[in-house]
Amino acid sequence: MADRESAKAVGKYSRPCSTQCLAAGYNFFSPGRNIGFLLLLIFLSVIFASPASGKKIIFDTDPGTDDAMALMLALHSPELDVRAITVVAGNTTAKQGLENALRMVSLANRCDIPIAAGAQHPLFQKLITAEFWHGKNGLANIELPPSKCKVDARFGPDLIIELVHAAPHEITLVPVGPLTNIALAIQKDPSIVPLVKEVILMGGSIKGGNVNAAAEANIYNDPEAAQIVFQAGWPLTMVGLDVGDKTLLGRKHLEQLARTHGPVNDFIYSVTKFLVELSEKFGSGGTPMYDPLAVGVAVDATLVTAPLMHVDVETRGEFTRGETVANRRGEIERNVLHGDRYIIEGIDKVQPNAKVCIDVQADRFLQLFISRIQGK
């Protein structure tokens, strides 16, 4: 039906031109009409120009289940231009994570994107993997077809450095795993910091942790790396548990995803089904969309409310290692030593170093996620 209607439309606008039409055309192209013709060409070039490329991002990931959802959202959002995928150890070993990334990017037919291996372990502690939450292979025990994509030979942090220098002030870093790769890139070449447009990371919390009472998993897995990233001095948005725990994908959303089919749609449906069932075992009505929400903020920052705060990462506490400690007031007391005691002599302002997401339009984000996975 659509083809017949298209044929009618072509016929309507392709009838033979009359003598008057040809004369008018000749008149238009005469020397006196050159300016008008040039203006028309300019107008048409604006109308039919290809749309501007999206926000350039480097997606740094430890490919587990919510990373899979985040990656597919990024690859199917026209607002984003994924320039590279760098893999870090976290939810799985670095080797397993790299294999997961290669298979997912192949599934999405995006082998044009460089995929590079990164850090194999945190800076100063042993790796903690999370097969308990993500399945034995990190992807809800789903075996994707072997990848058609090849690994980029560059080391992940080196690739980050190279791409930032190639597009100064244009690259947004979107790390959704431990921050080891980003910290290594800073340590190797601190000059990238002022050249990065912004950092939008999934990690942290100002309301308590999910691996223990204080710490969120990504930060807990490499607190020293996180402290380096938070104190680097670039524009940074922290998309943490405070908003992730408010953004739950549940049974009704699964039903929506089940209405459409395709390789990516079916894969993400299976991943989310695994996560929803797991969350129900622990008394929750849905799975928190931690990593996908960070990508959502890269797509549309108006999804969240994110006031400025100063954030430090605790690296030494017995009970608080990995905690993101946020100064909500923007000030601290100034204590001055006088003899055998300190005296409070005033209040000092604290400079913010991060936008901290504290609220989210969860339903709007979930519908955005579902529509992108369904290819709408």
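In the predicted model, A140 has a relative accessibility of 9% and therefore counts as buried, the limit for that class being under 20%. The place of A140 is in the loop that lies between helix α6, residues 131–134, and helix α7. The backbone at A140 adopts a positive phi of about 60°, although the residue is not a glycine. In general, most residues other than glycine have a negative phi. N141 is likewise found in the loop between α6 and α7, and the phi of N141, a residue other than glycine, is also positive, with a value near 65°.

Two packed helices are described by the angle between their axes and the distance between the axes. On the side of α7 the contact is formed by P157, D158, I160 and I161, and on the side of α8 by N181, I182, L184, A185 and K188. Sorted by class, this contact of α7 with α8 comprises six nonpolar residues, one polar residue and two charged residues.

The protein has 15 helices and 15 strands, and nine strands form an open sheet with mixed pairing, in the order β3-β2-β1-β4-β5-β6-β14-β10-β11. The edges of this sheet are β3, residues 115–117, and β11, residues 324–327, each of which pairs on one side only. Neighbouring strands of the sheet are turned against each other by 30° on average, with direction ignored. Within the sheet, strand β5, residues 198–202, and strand β6, residues 236–239, run parallel and are joined by four bridges; in this pair, I200 stands opposite T237 of β6. Helix α5, residues 94–107, packs on the sheet, where it touches β2, residues 80–87, and β3, and the direction of α5 makes about 175° with that of β3. Helix α14, residues 290–299, lies across β1 (55–61), β2, β4 (171–175), β5 and β6, and runs at about 155° to β5.

Strand β7, residues 248–249, contains L249, which has a relative accessibility of 0% and therefore counts as buried. Leaving aside neighbours within four places in sequence, L249 is in contact with L254, T272, V276, G286, T287, M289, L366 and F369. One of these partners, M289, is 40 residues from L249 in sequence, while the C-alpha atoms of L249 and M289 are 6.8 Å apart in space. For the protein as a whole, 81% of the contacts between residues at least 6 apart in sequence join residues that are at least 24 apart.

Terms used:
Residues are numbered from 1 along each chain as its sequence is written. This is a predicted model: local features need pLDDT of at least 70, side-chain atom pairs count only at pLDDT 80 or more; totals for chains, interfaces and linings use all residues. Side-chain values use heavy atoms; hydrogens and water are left out. Contact means heavy atoms within 4.5 Å. Helices (H or I, at least four residues) and strands (E, at least two) are DSSP runs, numbered from the N terminus. Ala, Val, Leu, Ile, Met, Phe, Trp, Tyr, Cys and Pro count as nonpolar, Asp, Glu, Lys and Arg as charged, and the others, Gly among them, as polar. Buried means under 20% relative accessible area, exposed over 50%, partly exposed in between (1.4 Å probe, protein chains only). Two strands pair if DSSP finds at least two bridges between them. Axes are lines fitted to C-alpha atoms, for helices over the stretch in contact, and angles run from 0 to 180 degrees between N-to-C directions.
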